[in-house]
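Grab a pencil and work through these exercises one at a time. Try each task yourself before you read the solution.

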Amino acid sequence: MHYAEEEIELKKILPKEVVASHIGSTAIKCIWAKPIIDILVEVCGNLSHVSTILQHHGWLKMHETETRISFNKGYTEHGFADKVSHLHLRHVGDNDEIYFRNYLNSHPGIAKAYVSLKLELWKMYEHDRNGYTSAKSEFVKTYTMLGRTVPEAGLEPARTQCPRDFKSLVSTIPPFRHPLFGSKKEVRRGTSSGFVAATEKNSA
């Protein structure tokens, strides 16, 4: 339900062409996962317009490169809120996590092996997030590649390109203060039009 709620809210605020997908361990059926959801948001065009909209609606930008921006929601001065979400903003096609998710959802035995690996590594790297991620990277890479080469019947495929009639985001941007953190730095807010809705059949 947590992801479904976030997806509904994202549809209200983001351009319709933007595609949201449920990724991460909570998107894999019947396995143990921390109650933190991961959302992949794929964009045609400049990421900064969508980034501005997300920040205006309570998403805290954590890290940014030219091709990827990550956000968190649910972190407070007193610790985690009841619902915590991570959002990964990227260009269309930068979506290996979808292939990995689809493959594990179609192969329960591999999904269970992934849980066992995560629990084992968690004990080894409890205070080393980078070490934990690196240690499971070979497993993730292997089954992502298999997911790319063996499409899973009945699962929504990962998106690979923008539609031909894609229109750039239209920017009409008044300044505002961040509603949650009260920053004095002005951020600019965007609006947009001319897009086609898309979602995933197997989001949960």
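**Exercise 1. Which residues of α3 are buried, and what covers them?**

Solution. This is a predicted model, so keep that in mind throughout.

Step 1: go along α3 and look for residues under 20% relative accessible area, the cut-off for buried.

Step 2: Eight of the 11 residues in α3 are buried, which leaves the helix mostly covered.

Step 3: look for the cover. It includes the strands β1 (19–23) and β2 (36–43), along with α4 and α6.

**Exercise 2. At what angle do the axes of α3 and α6 cross, and which residues meet there?**

Solution. Step 1: find the two helices, α3 at residues 96–106 and α6 at residues 137–149. Their axes come within 8 Å and cross at roughly 85 degrees.

Step 1: give the angle a name. Angles of 65 to 115 degrees count as roughly perpendicular, and that is how α3 sits relative to α6.

Step 2: list who meets whom. From α3 come D96, Y99, F100, Y103 and L104. On the α6 side you'll find F139, V140, Y143, T144, L146, G147 and R148.

Step 3: sort the contact by class. It has eight nonpolar, two polar and two charged residues.

**Exercise 3. How many aromatic pairs are there, and which residues do ring pairs link into a cluster?**

Solution. Step 1: know what to look for. A pair of aromatic rings is described by the distance of the centres and the angle of the planes.

Step 1: count rings whose centres lie within 6.5 Å. The count comes to five aromatic pairs.

Step 2: take F100 and Y114. Their centres are 5.1 Å apart with 80 degrees between the planes, an edge-to-face pair. F100 belongs to helix α3 and Y114 to helix α4 (residues 108–124), so this pair links distant parts of the chain, 14 residues apart. F100 and Y114 are both buried.

Step 3: join things up. Ring pairs link F100, Y103, Y114, F139 and Y143 into a cluster.

**Exercise 4. Is C30 buried or exposed?**

Solution. Step 1: locate C30, which is in the loop between β1 and β2.

Step 1: check its accessibility. At 81% relative accessibility, C30 counts as exposed, given that the cut-off is over 50%.

Step 2: look at the backbone as well. Most residues other than glycine have a negative phi. Phi of C30, however, is a positive value near 60 degrees.

**Exercise 5. How many helices and strands does the protein have?**

Solution. Step 1: count six helices and seven strands.

Step 1: read along the sequence to get the pattern α-β-β-α-β-β-β-α-α-α-α-β-β.

Step 2: zoom out to burial. Of the 204 residues, 39% count as buried.

Conventions
Residues are numbered from 1 along each chain as its sequence is written. This is a predicted model: local features need pLDDT of at least 70, side-chain atom pairs count only at pLDDT 80 or more; totals for chains, interfaces and linings use all residues. Side-chain values use heavy atoms; hydrogens and water are left out. Axes are lines fitted to C-alpha atoms, for helices over the stretch in contact, and angles run from 0 to 180 degrees between N-to-C directions. Helices (H or I, at least four residues) and strands (E, at least two) are DSSP runs, numbered from the N terminus. Angles under 35 degrees count as roughly parallel, over 145 as roughly antiparallel, 65 to 115 as roughly perpendicular and the rest as oblique. Contact means heavy atoms within 4.5 Å. Ala, Val, Leu, Ile, Met, Phe, Trp, Tyr, Cys and Pro count as nonpolar, Asp, Glu, Lys and Arg as charged, and the others, Gly among them, as polar. Rings of Phe, Tyr and Trp (its six-membered ring) pair if their centres lie within 6.5 Å; planes under 30 degrees apart count as stacked, over 60 as edge-to-face and the rest as tilted. Buried means under 20% relative accessible area, exposed over 50%, partly exposed in between (1.4 Å probe, protein chains only).
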